[in-house]
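Hi there,

I am passing a structure on to you, and I hope you enjoy looking through it. Have a look first, and then read on for what turned up.

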Amino acid sequence: MAERRPVVWVSQPLYADIEARLDEWFDVVRTPTVTDHAPEAIAAALAGADGALVTLNDRIGAAEVAAAPRLRAVASVGVGYDSLDVAALAARGIVATNTPGVLTEATADFGIALMMAAARRMTEAERWLRDGRWNGWGFHAFHGAGIHGSTLGILGMGRIGQGIARRARGFGRRGLYHNRSRLPPGVERDCAAEWVARDALFGQVDHLVLALPYAPENHHIVDAAALARMKPGATLTNIARGGLVDEGALADALQAGRLAAAGLDVFEGEPAVDPRLLACDNVVLTPHIASATLPTRRAMVSLAVDNLVAAMGFGPDAGRPPHPVTPPFDASRGSGDGGSTH
Ligand code: 8YV
């Protein structure tokens, strides 16, 4: 009798040609349309699966793990893996993987774009123009917060944070960063960024960009107290995870005019956005698109497929997925992103 082929669940339609690589090894259960899977639906899909290819929307917690007796590997498309209960997966010996590296440049590009759009009030000005309110050039219209020559801070100096710092050198700015571990001197020089303690970062920068991973210990790391430390007229840009910011406190700071502006690509209750933020003119809001270029998204899916095939024990890297996030984990292979979520 032919040996049973492992079953792999693909939670969303990704790119058919890349997903097709799974067919060589697995019986693939596909999801034909973009789907907001309820937790029970995820549990049901995992109940018969040996492996899964998922995105950040498909949360796998302890209950889903408990409902998946055969599951051996979960490959997430994305660098941030806070949607996976890594401890519950590891306790069952299930390998989880992520896709760092391939999205660094696209995401760093977007971080700079969002910071600039917020600081220079681009979407606010555009809405005003489209509303037909532009009656003549205005000397006093839409003064923004300057970036050239300012102090730019980055919280979370992984690959993406570093990518942002390198791009920002061209602004003739002072660069500060905070990261749990300080970068080697050569990397600091290359990024033209100086390590400071977290509170000093909040207090000294004109523009702050968040590029750190979400974990329960940094839930609302930007809370009312942190915002109160920021300079009047500073800006905040978040391309990491919504749960890092207390959105209510941010709305207070924006409405009070303490912060000049914010650029937000991520939200705590995605896809819901706090109505107070929606009502603020001085916020640029984008729907979690920092890594959204076609080549980048394709590279993410391709890496996730490589991870899954290898984690399931097939292909040239059988048993050695390029980017595991659960044990067995060899830190020297650099699969962690050193601070960034993308
Ligand atoms: C992805 C992201 O689009 O990589 C991440 O952590 O947030 C985004 O770049 C997302 O993870 C896709 O699942």
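Here is something to start with: how many Å separate an oxygen atom of the ligand from an N or O atom in the side chain of Ser-291? The distance is 2.7 Å. Please keep in mind that this is a predicted model.

The shell counts 14 residues, and Val-77, Val-79, Arg-241, His-288 and Ser-291 are the closest. Sorted by class, five of the shell residues are nonpolar, seven are polar and two are charged.

Val-77 takes part through its backbone, with an N or O atom 2.6 Å from a ligand oxygen. Arg-297 brings a polar side-chain atom to 3.0 Å from an oxygen atom of the ligand. On its own the ligand would expose 330 Å², and the protein buries 94% of that area. As for where the ligand sits, the space it takes is the largest pocket.

Now for the chain as a whole. The domain assignment gives domain 1 in two segments, 7-100 and 293-333, while domain 2 covers 104-285. Between the C-alpha centres of domain 1 and domain 2 there are 31 Å. Where these domains touch, domain 1 supplies six residues to the contact and domain 2 supplies four.

Note on methods:
Residues numbered from 1 in each chain as written. Predicted model: local features only at pLDDT ≥ 70, side-chain atom pairs only at ≥ 80, totals over all residues. Heavy atoms only, no water. Near = heavy atom within 4 Å. Polar contact = N/O pair within 3.5 Å; in protein donor to acceptor, adjacent residues only side chain to side chain. Areas by Shrake-Rupley, 256 points an atom, 1.4 Å probe, with all protein chains shown as cover. 1 Å grid on protein atoms, 1.4 Å probe; cavity = no way out; pocket = protein on both sides within 12 Å on 5 of 7 lines; lining within 4 Å. Sits in = over half its atoms within 2 Å of the grid points. Nonpolar A, V, L, I, M, F, W, Y, C, P; charged D, E, K, R; others polar. Domains from an automatic or database assignment. Contact = heavy atoms within 4.5 Å.
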